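I opened the model today to look up a few contacts and pairings. My notes are below the structure.

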Amino acid sequence: MYVCENLEPKQVFRFFEEICAIPHGSGNTKAISDYCVSFAKERGLRYLQDETNNVIIFKEGTEGYEHSEPVILQGHMDMVCEKESDCPIDFKKDGLSLYIDGDFLKARGTTLGGDDGIAIAYAFALLDSSDIAHPPLEVVLTVDEETGMEGAKAIDVSMLKGRKLLNIDSDDEGIFLAGCAGGLRADCVIPVSRREADGVRFELTLHGLKGGHSGGEIHKERANAIAVSGRVLKGLTEEMDLKLCTLKGGMMDNAIPREVSAVLLVEKEQVPALKEACLQWDGVLKREYRVSDPDITLTLKEMGQGNGSALDAASLTKILFFLRNMPVGIQHMSMDIEGLVETSLNPGILKLQEDAFHLSFSVRSNVTSRKYEVTDRLTFLTEFLGGELTTHGDYPAWEYKAESDMRRLIADCYRELFSEEPKLQVIHAGLECGILSGKLDGLDCVSFGPNNRDIHTPKERLSISSTERVWRLLVEFLRRSK
């Protein structure tokens, strides 16, 4: 018995639930890739699977559509693996625990992976059907989109005949995307030194933040736990001799971090001052972020007298200097498209190891030169402190084109089905259309999808009714693509 047994469209939700049962975080895609291959084999469909685990599946057109131009359906297999701190799920080996809450499908304590499991589910429901009219289909399923679009970069699409691509990787029904930012990941490593220290041991935790997608929700001015923790720690060191033993936070470079924790040592006589300072900081943060992050909380837990390895004074100064001076969030707004974030960056993964401070950023821009300008600022800051910055996962922007037969047809379908005017947007998040457009001359792309809220966070939820409406839209679009 499936959790989604009674949801419509039945086949879409059945395949989505099967996908959710398979671990498929970025970098862990072999099992989901093999699932896609087994699906094709069982139905006698031609398929290709490459060494990267990308999969392409082909299906002939239905009667009357055999000689129509193929349509490419495209999405990615990997999901962002974020979870609540008390959730026991191991993303590398466990499936998700789904449940229904009104009009929403959710996963207990974790991200849902509607981004982008729903694309696979839609495609498989079409490939499995025997009564839906459609032209030849070329289903392109990539891996590791969330960590730099590595699958799209590696995939060979030279055998594809279609030049009409439906990218099902958007999260707002009725909004059709026609362009997106490019991006890269920047990894900063700064060497540190330690010394043995003792005192009263405390765990300092910043939690209760909303987080979110570092592209799609960067404009909401939500607190970045890594940046805020640097501010708090800098403030505390101005009032007392604080020793920093550990510091960690964030799980993905492209998710706004929701939590940071640190282990501190202070002298016994400074304990009252530390407790009072943390109470004051908690109040400051609650006031400042009362709208964007109303549940933000700074918690201090006393752990008794202890000792351990702590950063020496020079290393602590270096790390706090970096955290207080690094660029964070929106850097430029577009002068061409009102309301569009043009350039931003998100510090997403922080790890203080024994001999080095590591911080990973997601850098995005709709203007290529500014993507590299921000990266250069990070490089200069890192090297000034004796560290090194490396980049990977660099992907191009998807440039807006004024004319698109695909957009025109899908917009007409949407108007006629739902009596609503569709919206056209260029977004700050990244999509694979830019990479694939560079590989297929004359490719006409549009990106769309059902309402999927709070992606890249454990509050992610997929609208059931919207999933059904987008399914109807997809079926109607294919029916008219003769």
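These entries go through strands, rings, charges and helices in turn.

**Entry 1: strand S18**

I noted that the model is predicted. I began with S18, which spans residues 356-365. Is this strand enclosed or open to solvent? Nine of its 10 residues are buried, so the rest of the structure largely encloses S18.

I then looked up its partners. Strand S9, residues 182-191, pairs with S18 through 10 bridges in the antiparallel sense. Across that pairing, Ile190 stands opposite Phe357. Strand S17, residues 341-352, is joined to S18 by nine bridges and also runs antiparallel to it. Here I found Leu350 opposite Leu359.

As a reminder to myself, strands in a sheet pair through backbone hydrogen bonds.

**Entry 2**

How many residues separate S17 from S18 in their hairpin? I counted three between them. Asp355 is found in this loop. Is Asp355 buried or exposed? Its relative accessibility is 52%, and the cut-off for exposed is over 50%, so Asp355 counts as exposed. I also checked Asp355 against Gly174: their C-alpha atoms are 50 Å apart in space, and the two residues are 181 apart in sequence.

**Entry 2: aromatic rings**

I looked for paired rings next. The count is 11 aromatic pairs, taking ring centres within 6.5 Å. One of them is Phe322 with Phe361, whose centres are 6.3 Å apart. Their planes make an angle of 65 degrees, and over 60 counts as edge-to-face, so I logged the pair as edge-to-face. What does this pair tie together? Phe322 belongs to helix H7 (residues 313-325) and Phe361 to strand S18, so the contact links parts that are 39 residues apart in sequence. Both Phe322 and Phe361 are buried.

I also found an aromatic cluster. Its members are Phe15, Tyr35, Phe39 and Phe124.

**Entry 3: charges over rings**

I checked for charged side chains over ring faces. Arg46 has its charged end over the ring of Phe58, at 3.8 Å from the ring centre. Lys482 lies over the face of Tyr65, and here the distance to the ring centre is 5.2 Å.

**Entry 4: a four-stranded sheet**

In what order do the strands of the open sheet run? I read S4-S5-S23-S22, with antiparallel pairing. The edges are S4 (98-101) and S22 (452-453), and each of these pairs on one side only. S4 and strand S5 (residues 104-107) are joined by four bridges and run antiparallel. Within this pairing, Tyr99 stands opposite Lys106 of S5.

I finished with two helix pairs. Helix H1 (residues 10-20) packs on helix H3 (residues 114-128) with the axes 8 Å apart and an angle of about 130 degrees. H1 and H3 are therefore oblique to each other. The crossing of H1 past H3 is right-handed.

Then I took helix H9 (residues 405-418) and helix H11 (residues 464-479). Their axes come within 10 Å and cross at roughly 125 degrees. H9 and H11 are therefore oblique to each other. H9 passes H11 in a right-handed crossing.

Notes: Residues numbered from 1 in each chain as written. Predicted model: local features only at pLDDT ≥ 70, side-chain atom pairs only at ≥ 80, totals over all residues. Heavy atoms only, no water. Phe/Tyr/Trp six-rings, centres within 6.5 Å; stacked < 30°, edge-to-face > 60°. Buried < 20%, exposed > 50% of the residue type's maximum accessible area, 1.4 Å probe, protein only. Lys NZ or Arg CZ within 6 Å of the ring centre and 35° of its normal. Pairing = 2+ DSSP bridges. Axes fitted to C-alpha atoms, helices over the stretch in contact; angles between N-to-C directions. Parallel < 35°, antiparallel > 145°, perpendicular 65-115°, else oblique. Left-handed = near helix turned anticlockwise from the far one by under 90°.
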